[in-house]
Every structure is written in structure tokens, then in C-alpha cells.
Amino acid sequence: MDFSYFAEQHHVDDWVISPLVERSTLPPSGLPAISPTRGEISSGVAFAIVSEQLADIATRDALLDRAMGPKRRKKSSEKLRRGRRASEGLAFVARDAAGTIVGTVRLWDVKAGEGGHAALLLGPLAVDPSVKSGGIGSALMRHAILEAARLGHGAILLVGDAPYYARFGFSAQKTAQLAMPGPYEQERFLALELKEGALDGARGVLKASGRKLKAAALKFVA
């Protein structure tokens with residue numbers, strides 16, 4: 001599947017790109033290829049995608065507040081994240097050349113319905129509103145998908161703009177019999193199978209299955 005780069009003005013449940021973000025372009029062919037685990041170059045702006053660290057939590061949450069506002073904590077997907085750790089090895093931040101965090105994405109372990117199909121829930125994914133050059137959000141999305149596949153996961157779920165996420169292979173074909181644990185629009189509930197048939201027969205309400213946060217960590221992120 002071709003996970004091409006895109007950056008447009010969108011505001012979906014767990015994806016926020018600033019209206020200032022411009023359409024990105026692929027790196028010139030003369031530039032050396034850069035592994036998604038090390039970084040990307042887009043629209044002349046250099047940034048690196050790296051694993052999130054404990055010291056990044058406060059900065060990440062501040063970025064999410066700026067990009068998504070206080071209502072982000074009331075989304076249905078938040079019920080599947082609250083009190084849990086992100087899936088092992090699947091929490092990332094994008095840093096600009098100065099080392100400032102300008103983007104974030106995390107994926108979470110869930111059970112897809114009554115059959116207990118293991119899957120990931122993607123989000124929140126956001127780019128800082130101060131960013132003026134494109135490509136960070138799309139690079140984070142692509143990086144998350146590739147890393148999830150590399151780690152052997154079978155499927156990714158999210159709630160968002162169907163026409164936009166179709167570019168990355170997401171559709172509502174596998175979610176008709178699934179439901180989020182709270183209000184949502186069915187046509188925005190999307191899935192991408194990383195392994196063919198990973199969601200076959202999945203039905204029922206999504207349930208959190210990730211590692212629980214310890215009491216001290218809960219207090220820190222509250």
C-alpha cells in the first residue's frame with residue numbers, strides 16, 4: 001500500500017492539522033532517503049519522528065490542548081484511553097530542528113468487540129497550530145501505520161474523516177458490526193487491516209485492553 005504524504009486543513013475526531021499547514025511535497029529525489037524512524041523532510045522543513053519519552057508528557061498534553069481544545073477529553077475514544085498506557089512502542093512525537101515537539105500520535109490496545117479481536121486505536125494525532133509548513137501530520141500518520149505493521153499488529157481503528165483517511169487505506173467496511181463506547185458517527189468509524197482478515201467476524205463494542213497506568217502516573221497525567 002502506498003502511504004503517500006498529504007496535509008490539508010482538516011479537523012477530525014483525533015486528527016488536527018492547523019489551517020496554516022500547507023500541502024506537503026515529497027522530498028526531492030536528490031536527497032538521501034530518511035527512515036521513518038529517524039525523520040522526514042517536507043516542504044523544506046526538517047523534523048524528526050521519535051519515540052515519546054516520559055519527559056514529553058506535559059509538553060504533549062499542552063500541544064493537544066492548543067490544537068484540540070478542552071473538549072478533547074470528552075470524546076468517545078478517550079474512554080478507551082483513560083487510565084491506560086499507549087501500546088508498547090507506539091507513542092511518537094515529531095520534533096523540529098530546535099528539538100521542539102510539534103506533533104504527536106499514539107496508538108492504544110483494544111479488543112474489537114465480543115470476539116476479542118486484538119486491534120489498535122489511533123489517536124489523538126495532532127500538529128501544533130504554530131506550524132506553518134506541511135507534512136508533519138501525514139508523516140506521523142504514515143510512521144504510525146508502518147511501525148504498527150512492523151510490530152505485528154493486525155488492524156488499526158480510528159474515528160475521523162472517511163474521504164481523507166481513505167488515502168491511507170482506511171474504510172468503514174470492517175466496522176459495520178463494531179461500535180465505540182459512546183456517541184460517534186458510524187460513517188466516521190474506520191479501520192485498516194494490516195493483516196488480511198484481522199477483523200473478520202468482529203462485532204460488538206470496543207473495549208480497552210492496554211496496560212493500566214500506575215496510580216502515580218495517573219496523578220501525573222490528570
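**Close-up views of a predicted model**

**View 1. Helix H3 spans residues 136-150.** Its 15 residues reach 21 Å from the first C-alpha to the last, close to the 21 Å expected at 1.5 Å a residue. That expected span is 1.5 Å times one less than the number of residues in the helix. Helices (H or I, at least four residues) and strands (E, at least two) are DSSP runs, numbered from the N terminus. This is a predicted model: local features need pLDDT of at least 70, side-chain atom pairs count only at pLDDT 80 or more, and totals for chains, interfaces and linings use all residues. Residues are numbered from 1 along each chain as its sequence is written, and side-chain values use heavy atoms, leaving out hydrogens and water.

Why is H3 described as largely enclosed by the rest of the structure? Because 11 of its 15 residues are buried. Buried means under 20% relative accessible area, exposed over 50%, and partly exposed in between (1.4 Å probe, protein chains only). The buried residues of H3 include Ile 136, Leu 140, Met 141 and Ile 145. His 143 and Glu 147 are also among them. Just after H3, Gly 152 takes a positive phi of about 90°.

**View 2. A cis peptide bond joins Gly 123 and Pro 124.** Omega is about -5° here. Pro 124 sits in the loop between strand S7 (117-122) and strand S8 (125-127). Most peptide bonds are trans.

**View 3. Tyr 164, Tyr 165, Phe 168 and Phe 170 form one aromatic cluster.** A search of the whole structure finds 4 aromatic pairs. Tyr 164 and Tyr 165 form an edge-to-face pair, 5.6 Å centre to centre with 90° between the planes. Tyr 165 also pairs edge-to-face with Phe 170, at 6.0 Å centre to centre and 75° between the planes. Rings of Phe, Tyr and Trp (its six-membered ring) pair if their centres lie within 6.5 Å; planes under 30 degrees apart count as stacked, over 60 as edge-to-face and the rest as tilted. Tyr 164 counts as buried because its relative accessibility is 1%. Tyr 165 counts as buried at 1% relative accessibility. Phe 170 is buried too.

**View 4. The largest nonpolar core has 28 residues.** H3 supplies the largest share of this core, 7 residues. Residues with the most contacts inside the core include Leu 122, Leu 140, Ile 156 and Phe 170. A second, separate core of 18 residues includes Leu 80, Trp 108, Leu 157 and Phe 189. A nonpolar core is a set of buried Ala, Val, Leu, Ile, Met, Phe, Trp, Tyr and Cys residues joined through side-chain atoms within 4.5 Å. In soluble globular proteins, nonpolar side chains tend to be buried together.

**View 5. Strands S9 (residues 155-159) and S11 pair in the antiparallel sense over 5 bridges.** Two strands pair if DSSP finds at least two bridges between them. Ile 156 stands opposite Leu 192 in S11. Leaving aside neighbours within four places in sequence, Ile 156 is in contact with residues including Leu 107, Leu 122, Ile 145, Phe 170 and Leu 192. Contact means heavy atoms within 4.5 Å. Strand S11 (residues 189-193) has 4 of its 5 residues buried, so S11 is largely enclosed by the rest of the structure.
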